[in-house]
Amino acid sequence: MRPDFSAASRRLPLAAILFLLLVCRLSGVEVVTSVTQLTRLTADQIRTEPRAEMEGVVTYADPTWRMVFLHVGDRFLFLQYAETTLNPGDRVRIQGKVTGGHLDPYVMGERVEVLSTGHPMPEPMPLDLQEFDESAASGRWVKASGTVENVVVDFGWTSLNCRSVSGAMFRIHVPEESSIDASLALLGRSVDVEGNLGIALDADDRVSGYMLFVQSKDDFHESPESKGSSSPELNETEDIVSLSESPQPHEVVDFEGICTYSQGEVITVADATGGVRIKVPGGIKLAEGMRVRVIGTQVLVGMHPSITARVIQPLGEGEIPQPVRLDHVSPDSDQGRLVIVRGDHPRLSSHRDRDGHRMLELTDSQGNSFVVSLEDVDEASLREFIRDAEQIEVRGTCVFGLTNGFFTHVIHGHGLEALHVTKEKPLLDSRTMVALFGIMAGLSLIGAVRSEWLRRKVHERTTHLSEMTAQLQAAYRAIDEAILFHDLEERVVMTDGRLDHWFGIPVAQGESCANVFDILCSEKCRIVPSNPDELAEPASPEDELDSFTKRLAALRANPDRSMEFEFTLSEPEARTIKCVIAPVQVDGEILGRIWAFRDLTKEKELYASLVQAQKMEAVGRLAGGIAHDFNNLLTGITGNLAVAKLNTDVPLRDSLEHLDAAESAAVRASELVKQMLGFSRKAHLELKVCDVNDVVTRLSELIRHSLGATVDIRLELDDAIAPVKLDGTQLEQVLMNMCVNARDALPDTGGVIEFKTSTCQLEASESRQAGDYTMISVIDNGSGMPPEVLSKIFEPFFTTKEQGKGTGLGLAMSFGLVEQHGGWIECDSEVGNGTEFRIYLPTHLGPLHQTAETTIKRETALDAVGDRRKIMVVDDESVVRTVAAGILRKCDFEVITAENGREAVEKAASALDSLDAVLLDLTMPVMSGKEALRRLKDLRPDLPVIICSGFLVDLDTFSKEVGVAPDGFVQKPYDLSVLIAAIRECLADTCENDLVLAS
C-alpha cells in the first residue's frame, strides 16, 4: 500500500486509497468473507465489484477522511466508510463492495455496524528499518523507534519525520492538529510508536520509505534512552533578507513567507526583500503561492546561507511577489525569488532534472553559467524551441544548490511559456562553423570586456581555433574528394571547385542545392545501388531516374540517416562517382548534411584491367595443362592409327588391337573435355539410381593395376548402403582424381588407399539440409598436407605438382560435380598422418535402375535399318561430316551433307518432300545453327531437326531463346549407339503422328 507522504490536504484521499492489499488470484467468488479471499481476487473479478462481508477490530480510524484499518483474523483490511464514527478497539461488521485502488483491492463500506467496544490492540510486530521492503507495507500493526528530525503541521495532520538507528527515514502521521510548541518539544527526541504500516510517497509519487498511521500522540512516547535536547530558543527575524547578511551556522530562525518553489526535499520562500532556500528532510509538497511559517536552523550550502527546516506550517494562500528583472543571477540575494533573467547561447546541458530530462544551459551578462529546469517540457520540444535562438529571456524561481553533484544556479519555470526568444541565431554563426569544419575566421566582441581574465581566455581560444582552422583547411585541400555541405534548408554552406568541374555547373555558397539535385535526377546520372539496405535496383529507365528522388525523400524524412551509393555521370565527362552522405550534429542537434563525392573512374578501370589479367593468366595455366594431356592422347591416337596403316600385309583383325587403343585414347580425350565442362558447370549428367558399392568396387578393380603393385587397395563397404541417384561415370572420375592425388602422396615403397562407404543422418546447417546421406571415404597413409595447402585444394588451377604434371583442375572439377549431384566434399589432412576425403551424397528411396534394359536398347539401336531414309548432315567440319555420314550409311540411311547453315537451307528447299530429318550443328560460319533451325522450320514445320553440340543444351531454354523447338539433341563427340537411338526415336515419334519421316 502507498499512502501519500504529503501534507497537502487535497492529496489525503489518494493516500488513504493507496493503503491496499496485495493482488492474488481466485475465480468464482460471489461474497468475500476474509482478507485472504480478498487478496486472491483477479483484476477481472475486481472490476465486477463483488460483495464483501466480514468482522474485525478497528486499529485506526480517521473521522475527517473516513479511513479505517481493521484487524481481521491474523490479517489487516483497509476500509472507507460513510457516516459511522469509529474508535480504535471497536469490533465491527462491515458490508460493502470490493473496488480497485492504486495498487491493491480494498472495501468500500456501505454499512458498518459496531458490535462491541474496548477490544485490545493486536500484538505489534517489530519493524526492521535496516532495509526497505515495499511488499512488507501491508497495513500490519507494527512498532518502530526513531529520532524526530522535523515536523509538518497542516490541516488536521501532524507529520513527524523520523530517522531510525540504522539511518533509515520513516514518517509518523497523527490525525490531530498540534501546537507548534508541542511539536517542537519532540524535535531531537527518540520516540517509540505503534501503528498501521504503509508506504510513504514523496511529492512526485515516488516511494520514499515507510509511513506509520497512529490515532493520536498518546500512541507514541519518548524512549527512555532519548538524549535529545530541550526545545530550541527561537529568534524572530524582521525579514528573510537578514539571513544572507550575517549567516550564523546553527542559529534557529522563525519567519513567514510565500512559497515560490517546492520540489522533493527543497522549497524556497520569499518576500519583497529577498528569499531563502529551505531543505525539508523527508520531503514536502507545497503549492506555489502558499504562505508558510518556517522554523529551522541556518546552514551553508556551497558557502551560501540556507535553512534546514525543523517545523513547516502552511498558513493559507498568499500572493507571490512580482518577478525581479536581473542582469545576472546571484546565489546570495536571489535565492527563492521569482526573477526574469536573460541568457546567451542556449544549449542542452548535461544536467538532468528529477524526471531525467536534460535541462537548458545559458550564460548571463557576466559570463556565469546557469541552468533552467522546466516542468512538463520534454527534451524534443526544448531542443526545437532553442534551435534558432541566440538569446533567451527566462521567467522562474532562482534556486542555488546541488545539480548532478555540482553547485549550480537553477531557474525553475513552468512550461515553454517561461521562455521568450529575444535574439535569433544568424544564418551561419561561429558555433556552426566550428562544429562542421573548425573554421572560425575570428571572434567579434561586442561591448567592453569587463575583466582582464575574460579577455585573456578569449584570446587563447581564438588562437587555438585559428590554428585548428588552418590545419583543417590544409587537410581539406589535400584530400581528393569534392565536398558539399548544406544546412537544413538545403542552402550551400561550403563547397569546392571540384564539384563545379565534375558536374559542369556552378555551385556557389548561399545558393540552393537544387541544381546539384537536378543533375543527379537527370538522364546524365545513373544510380548504381550497392547496399542491400538501400533502394532496389530500378526496373525501368523511369524508375532509375526516380531512384535519387526516393533517396532524397528518405533523407528528408529521416534527418539523422546516413547513406552511401555509386552513380555514373555521362556529361561533361564520363565518370563513376561514389557518394557518402551523413548528418552533421552538435549536442544531438542536426545542423545540416555533408556530401562527400569521390571519383572512382580510374579505380574502376584499374580493377577491370586486373580482372582481365587474372582471366588471361587462368586461361594460360589451363591451356598449358590441357595441351599436355591432349598431346599425350593425340599421340596415342595418331601413333596407333599409323601402326594400323603400316600393317597392310596382315589381316584387319591383327590391327584391331591398335584401333582399339586409338579408340580408347579418343574416349579419354572426350572424358577430358567432360572434365572441363564439369568444372564450368556445363557437363551433361546422366542420372540414375545406383548402388555406390558397385561403383566403388568397379573403380577399385580398374585402377588396381594402374596404381602399381606397391599400392594396397582396401575396401570397407557397408552392405546396407542406401542407393544414390547419380552419374556413375562422373563419380568414377571424382574417385579417380582422388586416387591419383593419393598415389602421388604415397612414398616410393608403397602405401594403402582405402575406400569406405556408410549411411549417415545429418542435421540441418547453413550449408546443407537435414536428411540421410551416403558417405564415400578415400583414405591414404601418405605424406599429408599442411593447413595452408589444405585451404586451397578446391581452388581452380591450384596445384603443388611440377610444371606439366598437373592442371590443378582435378579436385576443383570433382567439387563441382559433387555439388551438381546435391552433395559436398570434406577433407582432413595432417602432415605425416595421411589424408581423408569424404564425399556426401543425398540418398534415394527409389529402386535401382535395371541397366541391362538400357544396354539391350542401345544394342538394338545398332541393328536398326534406315530403310534408305534421307538424312541431311550439317557441320562445318569435314571430318565430322564424314564420320556422321559413314555411320548413317552403314545403318542403311541415304545421306546428304552441307557445310554451313545457308547451304543446308538451300538443299532442304530443293529436296523438301523427300527429306526425312536433319542432323544440325549449332556453331557454324555463314549462317549459325540457330538461324538455320528457324529457316528450316519455316520451310517445313514438321521436319524433324536434331541439333548437335559439344556443350550440354537444355531444350526448354534453347526453345525459348530461338523461338522454335528442335526434335532432339546429341552431344559431341558422337557415340554410335546414342546417335542411332536419337534418330530412331525421332523417326518413331514422327511415324506415330503420321508425319513425313526424316532421319
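Trainee: What makes β29 and β30 a pair of strands in this predicted model?

Mentor: Two strands count as paired if there are at least two bridges between them. Strand β29 (residues 525-528) is joined to β30 by four bridges, with the two running antiparallel, so by that cut-off they pair.

Trainee: Why is β30 called largely enclosed?

Mentor: A residue is buried when its relative accessible area is under 20%. Five of the seven residues of β30 (residues 563-569) are buried, and therefore the strand is largely enclosed by the rest of the structure.

Trainee: Why is A43 called partly exposed?

Mentor: The class lies between buried, under 20%, and exposed, over 50%. A43 has a relative accessible area of 45%, and so it is partly exposed. This residue belongs to helix α3 (residues 43-47), and its C-alpha atom is separated by 8.3 Å from that of G100, which is 57 residues away along the chain.

Trainee: How do you know that the buried residues of helix α19 line one face?

Mentor: The buried residues of α19 (residues 901-910) are G901, A904, V905 and A908. Viewed down the helix axis they fall within an arc of 100°, and so they line one face of the helix. An α-helix has 3.6 residues a turn, so residues three or four places apart point the same way. On the other side of α19, E906 and S910 are exposed, while the cover over its buried residues includes β40, β41 and α20 (929-939).

Trainee: What puts the buried residues of helix α9 on the same side?

Mentor: In α9 (residues 514-521) the buried residues are V516, F517, I519 and L520. They cover an arc of only 155° around the axis, which is why they lie on the same side of α9.

Trainee: What makes β41 and β44 the edge strands of their sheet?

Mentor: The open sheet has five strands in the order β41-β40-β42-β43-β44, with parallel pairing. Both β41 (894-898) and β44 (968-971) pair on one side only, and this is what marks them as edges. Neighbouring strands of this sheet are turned by 20° against each other on average, direction ignored. Helix α18 (residues 878-890) packs on the sheet, touching β40 (870-874), β41 and β42 (917-921), and its direction makes about 170° with that of β41.

Trainee: Which residues have the most contacts inside the largest nonpolar core?

Mentor: The core has 34 residues, and those with the most contacts inside it are L735, M738, I753, F755, I776, I839 and L841. Helix α14 (residues 728-745) gives the most to it, with six residues. Leaving out residues up to four places away in sequence, M738 touches V778, L811, I825, F837 and I839.

Trainee: What is the confidence of the model, on average and over residues 228-247?

Mentor: The protein averages a pLDDT of 76, and 75% of the residues score at least 70. Over residues 228-247 the pLDDT stays under 50, although the model has 46 contacts beyond four places in sequence for them.

Conventions
Residues numbered from 1 in each chain as written. Predicted model: local features only at pLDDT ≥ 70, side-chain atom pairs only at ≥ 80, totals over all residues. Heavy atoms only, no water. Axes fitted to C-alpha atoms, helices over the stretch in contact; angles between N-to-C directions. Contact = heavy atoms within 4.5 Å. pLDDT = per-residue confidence, 0-100. Core = buried A, V, L, I, M, F, W, Y, C linked by side-chain atoms within 4.5 Å. Buried < 20%, exposed > 50% of the residue type's maximum accessible area, 1.4 Å probe, protein only. Arc of directions from axis to C-beta.
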